Amino acid sequence: MPRYSEERKAAVLKKLLPPHNRSVASVATEEGISDATLYSWLRKCREKGVPVPGYTQGDNEWSPDAKLAVVIETATMSETELGAYCREKGLYPEQIQQWKAACLQGAGRQEEQEKAVQKQRKEDRKTIKQLQAEVRRKDKVLAETTSLLVLSKKLEALYGEDLDSDEDD
């Protein structure tokens with residue numbers, strides 16, 4: 001099985017993909033490459049999200065990358081060009097409009113998520129400050145309790161014997 005350089009693959013794929021959109025059979029004959037190899041290269045392009053002509057797929061079969069690529073590719077097209085593009089790809093202009101709306105909605109959601117994250121961080125900082133203050137307060141109470149315990153032990157050590165003998169009397 002012959003190996004093809006990346007440059008050769010790119011040149012051949014350029015003939016198969018927009019704007020040339022030549023048929024696999026004509027490119028295979030011209031380049032001397034088998035149809036199966038060309039279809040394999042096109043499949044790999046499709047998997048990477050490149051819109052490939054001649055392959056009709058349902059709306060759910062388009063990857064998010066491919067949908068975004070189609071939206072970007074068609075953004076500057078006139079209605080006539082968009083119609084021709086849609087016929088090549090087996091799409092409807094309404095699908096592309098829906099994909100565009102979904103992309104814009106996704107961008108809006110990202111802003112909302114960033115705001116929510118910032119709000120959560122602010123709340124987390126406030127909670128951390130409160131917890132740190134509580135820990136400091138408890139450390140002070142613990143230190144005071146420890147010092148009282150030490151003092152009571154010292155007092156008991158000093159007067160323990162005398163206190164015991166006074167009780168006996």
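**Entry 1**

I began with E31 and K15, which form a salt bridge (a side-chain nitrogen of Lys or Arg within 4 Å of a carboxyl oxygen of Asp or Glu) whose closest N and O atoms are 2.4 Å apart. E31 belongs to helix α2 and K15 to helix α1, so this pair ties together parts that are 16 residues apart in sequence. I took helices as DSSP runs (H or I, at least four residues), numbered from the N terminus.

I note that this is a predicted model, in which local features need pLDDT of at least 70 and side-chain atom pairs count only at pLDDT 80 or more, while totals for chains, interfaces and linings use all residues. Residues are numbered from 1 along each chain as its sequence is written, and side-chain values use heavy atoms, with hydrogens and water left out.

I then looked up R8, which also forms a salt bridge with E31, with 3.2 Å between the closest N and O atoms. This pair links distant parts of the chain, R8 being in helix α1 (residues 6–16) and E31 in helix α2 (residues 24–31), 23 residues apart.

For exposure I used relative accessible area with a 1.4 Å probe and protein chains only: buried is under 20%, exposed over 50%, and partly exposed in between. R8 counts as partly exposed because its relative accessibility is 31%; E31, with a relative accessible area of 21%, is partly exposed, and K15 counts as partly exposed at 22%.

**Entry 2: a pair within α6**

I found the side chains of E134 and K138 meeting in a salt bridge at 3.1 Å, N to O. Both residues lie in helix α6, four residues apart, which is about one turn of the helix. An α-helix has 3.6 residues a turn, so residues three or four places apart point the same way. E134 is partly exposed at 35% relative accessibility, and K138 is partly exposed with a relative accessible area of 45%. In the whole structure I recorded five salt bridges.

**Entry 3: the two sides of α5**

In helix α5 (residues 79–89) I listed the buried residues as L82, G83, Y85, C86 and K89. They cover an arc of only 165° around the axis (taken from the directions from the helix axis to the C-beta atoms), which puts them on the same side of α5. On the face turned away from that buried side I found the exposed residues T80 and R87. Just after α5, G90 takes a positive phi of about 75°.
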